[in-house]
Amino acid sequence: SLKNARIAIAYSGGLDSSVLLHLAHRFAIENDCALFAFHVHHGLNPHADDWLAHCENECIRLGVSFDSQRVQIDPQSGDGIEAEAREKRYRALGEMCRKHDIPLLLTAHHEDDRIETFLLQWMRGAGLEGLAAFPEVRELAAPSMEDAKAVQARKQVFLLRPWSGVLRRDIERYVKNRRIPYVDDPSNNSPKYDRNRVRSEIIPRLEAIRPGFSASAARSVGLIGEALE
């Protein structure tokens, strides 16, 4: 039974996580469990404060517990802004999960994200672990050795990506049909980020050369993940 369970979602306010919020909210009501939404404020966009306010207001409207954390991103980071933002985002999400005693965090990553990650890792010459893109479930945060009780109780936090096999177009269709409000981050279309160029330039060409490429690529990524395990 999930009654009285505590789960959380990573909620940026964008299209994907906004759908996840609404579906997780419905799930929490049906299963009588507590739902939290965690937002990470990167401060990279002048609209970041507005996005934070939007997320908090949506959670208030739905009756979902909300928390947020601000992180500082170094634009001169040797690993690149995307990599540093990702690393600090997951660290912040893990800290909020520990703070609220949440054992499971859900993110809205979908099949298209997985294929994009696979292509990016392939271009970087990654091995099996990188080519597996991202696992459906992984440990997000382990209990600190300074917290003896947490260590003894094995209070880990796990990250779950329930939409690993869901297509972006299906999520977009759901948003349109249900008229779910969300914020639009213009950086998602900026050509200065490799992921955006893979999404807008590379994948459409591969689909044109080989119709059904996405489904085939997703199957390959799954097989690589099995080989890695």
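Trainee: Which residues is Asp-67 in contact with, leaving aside its neighbours within four places in sequence?

Mentor: Asp-67 is in contact with Ala-37, Phe-38, His-39, Met-96, Lys-99 and His-100. Keep in mind that this is a predicted model. Asp-67 itself is found in strand β3, residues 65-70.

Trainee: Why is Asp-67 called buried?

Mentor: Its relative accessible area is 13%. Buried means under 20%. Asp-67 is under that limit, so the label is buried.

Trainee: What makes His-100 buried?

Mentor: His-100 has 19% relative accessibility. The cut-off is under 20%, so His-100 counts as buried. His-100 lies in the loop between α3 and β4.

Trainee: Which residues does His-100 contact, beyond four places in sequence?

Mentor: Arg-6, Phe-36, Phe-38 and Asp-67 are in contact with His-100. Phe-38 is also listed among the contacts of Asp-67.

Trainee: How far is the C-alpha atom of His-100 from that of Ser-164?

Mentor: They are separated by 26 Å. Along the chain, the two are 64 residues apart.

Trainee: Is Asp-101 buried, exposed or partly exposed, and how do you know?

Mentor: Asp-101 has 42% relative accessibility. Buried needs under 20% and exposed needs over 50%. The value falls in between, so Asp-101 counts as partly exposed. Asp-101 is placed in the loop between α3 (81-99) and β4.

Trainee: What is the phi of Asp-101?

Mentor: Phi is positive, about 60°, although Asp-101 is not a glycine. Ala-133 also has a positive phi, about 70°, and is not a glycine either.

Trainee: Where is Ala-133, and why is it called buried?

Mentor: Ala-133 is in the loop between α5 and β5 (137-141). Its relative accessible area is 15%. That is under 20%, so Ala-133 is buried.

Trainee: What makes Asp-113 buried?

Mentor: A relative accessible area of 10%. The limit is under 20%, so Asp-113 qualifies. Asp-113 is found in helix α4. Not counting residues up to four places away in sequence, Asp-113 touches Ala-108, Phe-134, Arg-168 and Arg-195.

Trainee: How do you know that the span of α9 is close to the expected value?

Mentor: Helix α9, residues 213-228, has 16 residues. From first C-alpha to last, α9 reaches 22 Å. The expected span at 1.5 Å a residue is 22 Å.

Trainee: Which residues of α9 are buried?

Mentor: Phe-213, Ser-214, Ala-217, Ala-218, Val-221, Ile-224 and Gly-225.

Trainee: Why do you say that these buried residues line one face of α9?

Mentor: Seen down the helix axis, they fall within an arc of 130°, so they line one face. The face turned away from the buried side carries the exposed residues Arg-219, Leu-223, Glu-226 and Ala-227.

Trainee: What covers the buried residues of α9?

Mentor: The cover includes α4 (111-123), α5 (128-131) and α8 (194-209).

Trainee: Which residues line the second largest pocket?

Mentor: Leu-2, Ile-7, Leu-20, Leu-23, Ala-24, Phe-27, Leu-104, Leu-106, Leu-160, Pro-162 and Trp-163. The elements giving two or more residues to this lining are α1 (15-31) and β4 (104-106). The largest share, four residues, comes from α1. The pocket volume is about 230 Å³.

Key: Residues are numbered from 1 along each chain as its sequence is written. This is a predicted model: local features need pLDDT of at least 70, side-chain atom pairs count only at pLDDT 80 or more; totals for chains, interfaces and linings use all residues. Side-chain values use heavy atoms; hydrogens and water are left out. On a 1 Å grid over the protein atoms alone, a cavity is a set of points where a 1.4 Å probe fits but cannot get out, and a pocket is an open set with protein on both sides within 12 Å along at least five of seven lines; lining residues have an atom within 4 Å of a point. Grid points are joined across faces, edges and corners, and a volume is the space filled by probe spheres set on the points. The expected span of a helix is 1.5 Å times one less than its number of residues. Buried means under 20% relative accessible area, exposed over 50%, partly exposed in between (1.4 Å probe, protein chains only). The arc is that of the directions from the helix axis to the C-beta atoms. Contact means heavy atoms within 4.5 Å.
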